[in-house]
Amino acid sequence: MPAQYEEFIFDQGADIAIELYLIDENGDKKDLTNYDARAQLKLNYNSDSADTTDFTTIIPDPAEDGIVNISLTGAQTAALKPANYVYGVEISFQDSDGNRIRELILDGRITIEPTVFF
């Protein structure tokens, strides 16, 4: 399945928390047992690691519920310049042959807006 595309607008300096509910091809909760998740925010698709911000990602127990939580702290968003960014969220697991299988589940754009309280 292709990744879901979403756009968000966040205030600079705000704490951000997003809870994702994943379903499988049958419409059931996706079992995320033995999965890892990661999410990144970049100024553009070709940004180097210096321009990359990693989200905190958690697959809470029970993993069978298919939930992925991603978040950024206020300090992380305060360090971002007001601009349009791209982001991606992926889940991955290691198959029986030892290969890392990755699935992009969400991507899109995030706009960071300046705020008077920053």
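How much accessible surface does the chain have, and what percentage of it belongs to carbon and sulfur atoms? The accessible surface comes to about 7500 Å², of which 48% belongs to carbon and sulfur atoms; such areas follow the Shrake-Rupley method with a 1.4 Å probe.

This is a predicted model, in which local features need pLDDT of at least 70 and side-chain atom pairs count only at pLDDT 80 or more, while totals for chains, interfaces and linings use all residues. Residues are numbered from 1 along each chain as its sequence is written, and side-chain values use heavy atoms, with hydrogens and water left out.

**The chain**

The C-alpha trace spans about 50 × 25 × 20 Å along its principal axes. Of the 118 residues, 35% count as buried, that is, under 20% relative accessible area with a 1.4 Å probe, protein chains only. Among contacts (heavy atoms within 4.5 Å) between residues at least 6 apart in sequence, 64% join residues at least 24 apart.

**The second largest pocket**

A pocket is an open set of points on a 1 Å grid where a 1.4 Å probe fits, with protein on both sides within 12 Å along at least five of seven lines; lining residues have an atom within 4 Å of a point. The second largest pocket holds about 230 Å³ of space. Its lining has 14 residues, and Gln40, Lys42, Tyr87, Gly88 and Leu104 lie nearest the centre.

Methods: Points joined across faces, edges and corners; volume = space filled by probe spheres on them. Buried < 20%, exposed > 50% of the residue type's maximum accessible area, 1.4 Å probe, protein only.
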